[in-house]
Amino acid sequence: MAQALQAEDKWKLFQDAVQEGVSKSNWQTWLSRIDVDFDDDPPTLLAPSEFHLKWIQDKHGDLIRSTYREIFESPNGPPFRVVEGLPPELPLEPADEPGDQMPTSMQKQSTLPETNLISRYQFESFVVGQSNRFAWAAAMAVSEQPGTHYNPLFIYGGAGLGKTHLLNAVGHHASEMYPDLVIRYVSSENFLNDFIDCIRRKRPDDFKHRYRGVDLLLLDDVQFFEGKEQILEEFFHTFNSLYESGKQMVISSDRHPRNLSSLESRLRSRFEWGLLTDIQPPDMETRLAILKTNAEFAPRPVPIEVLEYIAGLVSDNIRELEGALTRVTAWSALNRRDIDLETAQRVLQDMIAAEEPVALGPDEIIRTTASSFGFSVDDVLSPSRRQPLVMCRQVSMYLCRELTDLSLPKIGEAFNRDHTTVLHSVDKVKRILRSDRAVFDRVTQLTQDLRKGEGISTRAEGIHR
Ligand code: ADP
Ligand code: MG
């Protein structure tokens, strides 16, 4: 007993020393998630995935080694082991939705409250290729010296091409370089909601303070402001105020400013004051590189021909590309079988079949998912947190994310919930797909039905037996 306590004290010392030696975001994203097994002597450090382990060894190997050896008085080591599913890689169990039940320390896993940045969207996980090199380089330059190069940096491109990822990466990197910088990431929808909220509470100064008092503003999906006069006016003033005081703005949009037709020209021209850069759909090589990076998280190796097959199947949306890989690796985890080309083709057959993609909206997805689980739409939209309703709601959110181009806040709106809840639900369903065959089959069936525009299927069983 006494020995265990001692080891725990040392572990605490070790954690403190490592935390001292790295940036806040590196600590939160990577190093705080290393656990320990005291049963071994000297203790083994546990990482939640191979990828995670490789990352910390590459970036912080020296620090970890020297700290470990000193504190645990060990001439070598530390030994490492990968334990899949280690908390807080699974930070969200058992509470089902963030916001009302989850301890705040856990909510931080997906978004950091002060900055609102999404933890996992970092430069480290952004694959650079022909299609995004220029946007990436500009984003990098801006995050290294905010306010000096290009202001605003305006990044535009189609859905699922990495705009949100890049905006967040700028924020993370800038906060590592300049810990005192005041950074705020916000989707245009949330910017509008904040505005309405402050007006309603008769606290317009709160809004001004929140958005004009930052050093780096990351505004996502500005096309959302189209046709919304009052918020455009407000944003115009925010822009001017930040610009005049030399504060950095990075703005994203699904189109070039010239095509944001209902934005007044005074705002459109301001978007062109700095640097405009687009992101193109990734070429084959980049798609493959992204899949390879993602496949490192997979419980079983994914052969290169399977990755090539997926890269050939999905060409113009990285979110869909990742979604296809998720389904294949989930299938292989569920069946405890290595994946080969033929099974990948079978698992993804609905993606090939979808020649004429049906335009899907959240209403249709919620309706179809609800009736497949035997619930009403009102149930899904209600605050109730009983199971299996929560699962049904989470699957609906996952399908909205997979099958539409809607942003997280927009999906949240359809469910009367905020975007962090959506993010959490999507991650949770991705995880469950690997371990629960019933959910996997249900999601597969729903995806096929929705893609074909058939609504609820009468078939009771999934297809991949
Ligand atoms: P957008 O905001 O343009 O719609 P996102 O930033 O949400 O796109 O990207 C969609 C998904 O694709 C995210 O999971 C993101 O991490 C991933 N992604 C996009 N571009 C890259 C890239 N270059 N490397 C790795 N992952 C990427
Ligand atoms: Mg986005």
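Modeller: Let's begin at His165, which touches Tyr121, Gln122, Ser125 and Phe126, leaving aside residues up to four places away in sequence. Please keep in mind that this is a predicted model. His165 has a relative accessible area of 14%, which is under the 20% cut-off, so this residue counts as buried.

Now for the element around this residue: His165 is part of helix H6, which covers residues 163-177. The 15 residues of H6 reach 21 Å from the first C-alpha to the last, close to the 21 Å expected at 1.5 Å a residue. How much of H6 is buried? The count is 11 of the 15 residues, so the helix is largely enclosed by the rest of the structure. Along with His165, the buried set in H6 includes Lys163, Leu166, Leu167, Asn168 and Ala169. Val170, Gly171, His172, His173 and Ala174 are buried there as well.

Glu264 and Phe236 are 28 residues apart in sequence, and their C-alpha atoms are 9.8 Å apart in space.

Finally, have a look at a sheet. Three strands make up an open sheet with mixed pairing, in the order S1-S2-S3. Its edges are strand S1 (35-37) and strand S3 (80-82), each of which pairs on one side only. From one strand to the next, the twist averages 35°. Strand S2 (residues 44-47) runs parallel to S3, and three bridges join the two. If you want a landmark in that pairing, Ala47 stands opposite Val82 in S3. Lying across S2 and S3 is helix H3 (residues 50-71), which runs at about 160° to S3.

Methods
Residues numbered from 1 in each chain as written. Chains lettered and ligands numbered in written order. Predicted model: local features only at pLDDT ≥ 70, side-chain atom pairs only at ≥ 80, totals over all residues. Heavy atoms only, no water. Pairing = 2+ DSSP bridges. Helix = DSSP H or I, 4+ residues; strand = E, 2+ residues; numbered from the N terminus. Axes fitted to C-alpha atoms, helices over the stretch in contact; angles between N-to-C directions. Contact = heavy atoms within 4.5 Å. Expected span 1.5 Å × (residues − 1). Buried < 20%, exposed > 50% of the residue type's maximum accessible area, 1.4 Å probe, protein only.
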